[in-house]
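The questions below go through one protein model, from its overall architecture to single side chains. Please look at the sequence and the structure first.

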Amino acid sequence: MIIYGVALLAFSFIVGQLLGEVLGKCIGVNANVGGVGFAMLILMLLSDWLHRKGRWSITSNQGIQFWNQMYIPIIVAMAATQNVRVAVSSGLVAILVGIIPAVICFVSIPWIAKFAKHRLP
């Protein structure tokens, strides 16, 4: 059933957030450190384990796919917003470390595209 996929996703998210909070406290940071990453790893490991045991169905996978299309982009956007806030409040060096690689990538795209055209048969 689709609800099993959603339940597994919710379980993974809660455990991942708890692990992120505990890790943050252990290293002395008052923040969640890697909670979403832990949640994704737990979700992948549990779904793979259930699939190998034969207890995972295609409809269960649809519950995860539904939230995959909505949840992951939202979390990435939220994390990006937090990183920008931290960078702006941290000073000029943090901002330059973010801007300089982005500018280098944008400037190198035409060169890479021109190089790729010459290499294609």
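Q: In which helix is the place of Ile 100?
A: The model is a predicted one, in which local features need pLDDT of at least 70 and side-chain atom pairs count only at pLDDT 80 or more, while totals for chains, interfaces and linings use all residues. Residues are numbered from 1 along each chain as its sequence is written, and side-chain values use heavy atoms, with hydrogens and water left out. Helices (DSSP runs of H or I, at least four residues) and strands (runs of E, at least two) are numbered from the N terminus. By that numbering, the segment of residues 92-119 that holds Ile 100 is helix α4.

Q: What pattern does the protein follow along the sequence?
A: The protein has four helices and zero strands. Read along the sequence, the pattern is therefore written with helix symbols, given that helices and strands are numbered from the N terminus. That pattern is α-α-α-α.

Q: Is Ile 100 buried, partly exposed or exposed?
A: Buried means under 20% relative accessible area and exposed means over 50%, with partly exposed in between (1.4 Å probe, protein chains only). The relative accessibility of Ile 100 is 45%, so this residue counts as partly exposed.

Q: What accessible area do Leu 92, Leu 96, Ile 100 and Ile 104 have together?
A: Patches are made of residues with over 30% relative accessible area and no salt bridge, like charges being joined within 9 Å and nonpolar side chains (Val, Leu, Ile, Met, Phe, Trp, Tyr) within 5 Å. Accessible areas come from the Shrake-Rupley method with a 1.4 Å probe, and for residues only the protein chains shown count as cover. Leu 92, Leu 96, Ile 100 and Ile 104 form a nonpolar patch on the surface, and their accessible area together is about 390 Å².

Q: With which residues is Leu 8 in contact, leaving aside its neighbours within four places in sequence?
A: Contact means heavy atoms within 4.5 Å. Leu 8 belongs to the largest nonpolar core. Leaving aside neighbours within four places in sequence, the residues in contact with Leu 8 are Leu 43, Leu 46, Ser 47, Leu 50, Trp 56 and Ile 64.

Q: How many disulfides does the count come to?
A: A disulfide is a pair of cysteine sulfur atoms within 2.5 Å. Cys 26 is exposed, with a relative accessible area of 63%, and Cys 105 is partly exposed at 46%. By the distance rule, the number of disulfides is zero.

Q: How far apart in space are Leu 23 and Gly 35, C-alpha to C-alpha?
A: Leu 23 has its place in helix α1 and counts as partly exposed at 32% relative accessibility. Not counting residues up to four places away in sequence, Leu 23 touches Val 33 and Phe 38. Leu 23 and Gly 35 are twelve residues apart in sequence, and their C-alpha separation is 8.8 Å.

Terms used:
Salt bridge = Lys/Arg side-chain N within 4 Å of Asp/Glu carboxyl O. Core = buried A, V, L, I, M, F, W, Y, C linked by side-chain atoms within 4.5 Å.
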